Amino acid sequence: MSAPTGADALVGVLALQGDFREHEHALAACGVATRRIRTVEDLDGIDALVVPGGESTTMSNLALRWGLMEPLRALVRGGLPAYGSCAGMIMLADRIEGGRTDQETIGGLDVTVLRNAFGRQVDSFEADLDIPAFGPAPMHAVFIRAPWVERAGDAVEVLGTVPSGPAAGKIVAVRQGHLLATSFHPELTGDTRVHEYFVEMVREQA
Ligand SMILES: NC(=O)CC[C@H](N)C(=O)O
């Protein structure tokens, strides 16, 4: 890793599938440069990684097929700051419930995530969250066939939970050292506070 001083940090955005463009826009709004990650060569020199929302089974398949899974695991294990939203949260989780049998993850986060946790009736919904780490409430959050964190290890900091309704108390934002994950999609709302928080994490690791 090179030594980013904030504005010159280079954030790799996994661009196999999903809403990587929206993450690029959010990161650009935070003043950092991005690079699309599609090959092993693209990983060279990045200071951080973002794993977008999308479909984690497809992302897993493509990462395996293109030889990216092991290099990504090695980087994350080695301390590369990483942020995953929704399917990206699943990709950063050590364990999945409701995954496909052939589905693998990058891992690193000592959590069990439940895929499509919110159920069919509430496939997609929006909620106002209170996540002090990201700034003053409300944080308007968009959930799309989202996972939640079913169990979290001791080293995992729970940053946010669902405030009310049938899923009240479910964990939807976590941090473990250099790893950050949200069940929701801040890249879709124009609220850049989660990305700003992540960029700050990248600076701290530098
Ligand atoms: N919006 C999303 O990223 C959905 C995640 C998707 N349900 C999955 O399991 O990968």
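A residue is called buried if 20 or more other C-beta atoms lie within 10 Å of its own, exposed if 12 or fewer do, and partly exposed in between, with C-beta atoms placed from the backbone. By that count, strand S11 (residues 171-176) is mostly covered, with 5 of its 6 residues buried. Welcome to the rest of the protein. This is a predicted model, in which local features need pLDDT of at least 70, side-chain atom pairs count only at pLDDT 80 or more, and totals for chains, interfaces and linings use all residues. Residues are numbered from 1 along each chain as its sequence is written.

**The overall picture**

- The secondary structure comes to 5 helices and 12 strands; helices (H or I, at least four residues) and strands (E, at least two) are DSSP runs, numbered from the N terminus.
- The radius of gyration is 15 Å, close to the 17 Å that the globule rule gives for 206 residues, so the protein is as compact as a globular protein of that length. Here the radius is taken over C-alpha atoms, and the globule rule is 2.2 Å times the number of residues to the power 0.38.
- Along its principal axes, the C-alpha trace spans about 45 × 40 × 30 Å.
- Of the 206 residues, 46% count as buried.
- Two residues are in contact if their C-beta atoms, placed from the backbone, lie within 7 Å. Among contacts between residues at least 6 apart in sequence, 65% join residues at least 24 apart.

**The annotated active site**

- UniProt, in an unreviewed entry, places the feature "active site" at Cys86, His185 and Glu187. These residues are spread over 102 residues of sequence, yet they cluster in space, with a largest C-alpha distance of 10.7 Å.
- UniProt positions are given in the numbering used here, feature names are shortened, and annotations may be inferred rather than shown by experiment.
- Cys86 sits in the loop between strand S4 (82-85) and helix H4 (87-92), and it is buried, with 29 other C-beta atoms within 10 Å.
- Not counting residues up to four places away in sequence, Cys86 touches Gly53, Ile144, Ala146, Pro147, Ser183, Phe184 and His185.
- Glu187 belongs to the loop between strand S12 (179-182) and helix H5 (193-205), and counts as buried with 29 C-beta neighbours inside 10 Å.
- Leaving aside neighbours within four places in sequence, Glu187 is in contact with Asp19, Glu22, His23, Ala26 and Ser85.

**The annotated binding site**

- The UniProt annotation "binding site", also from an unreviewed entry, covers Gly54, Glu55, Ser56, Arg115, Ile144 and Arg145. They span 92 residues in sequence, yet no two of their C-alpha atoms are more than 12.7 Å apart, so they gather at one spot.
- Ser56 lies in helix H2 (residues 56-65) and is buried, with 28 other C-beta atoms within 10 Å.
- Beyond its neighbours within four places in sequence, Ser56 is in contact with Ala87, Ile90, Met91 and Gln103.
- Ile144 is found in strand S8 (residues 139-144); it is partly exposed, with 19 other C-beta atoms within 10 Å.
- Ile144 touches Gly53, Cys86, Ser124 and His185, again not counting residues up to four places away in sequence.

**Helix H2 and its cover**

- Ser56, Met59, Ser60 and Ala63 are buried in H2. Seen down the helix axis, the buried residues of H2 fall within an arc of 100°, so they line one face of the helix; the arc is that of the directions from the helix axis to the C-beta atoms.
- Helix H3 (69-77) and H4 are included in what covers these buried residues.
- Just after H2, Gly67 takes a positive phi of about 70°.

**Strand S11 and its partners**

- Two strands pair if DSSP finds at least two bridges between them.
- S11 pairs in the antiparallel sense with strand S10 (residues 157-161) over 4 bridges, and the bridge partner of Gly160 in S11 is Ala173.
- S11 also pairs in the antiparallel sense with S12 over 4 bridges, where the bridge partner of Gln176 is Leu179.
- S11 and S12 form a hairpin with 2 residues between them, and Gly177 in the turn has a positive phi of about 60°.
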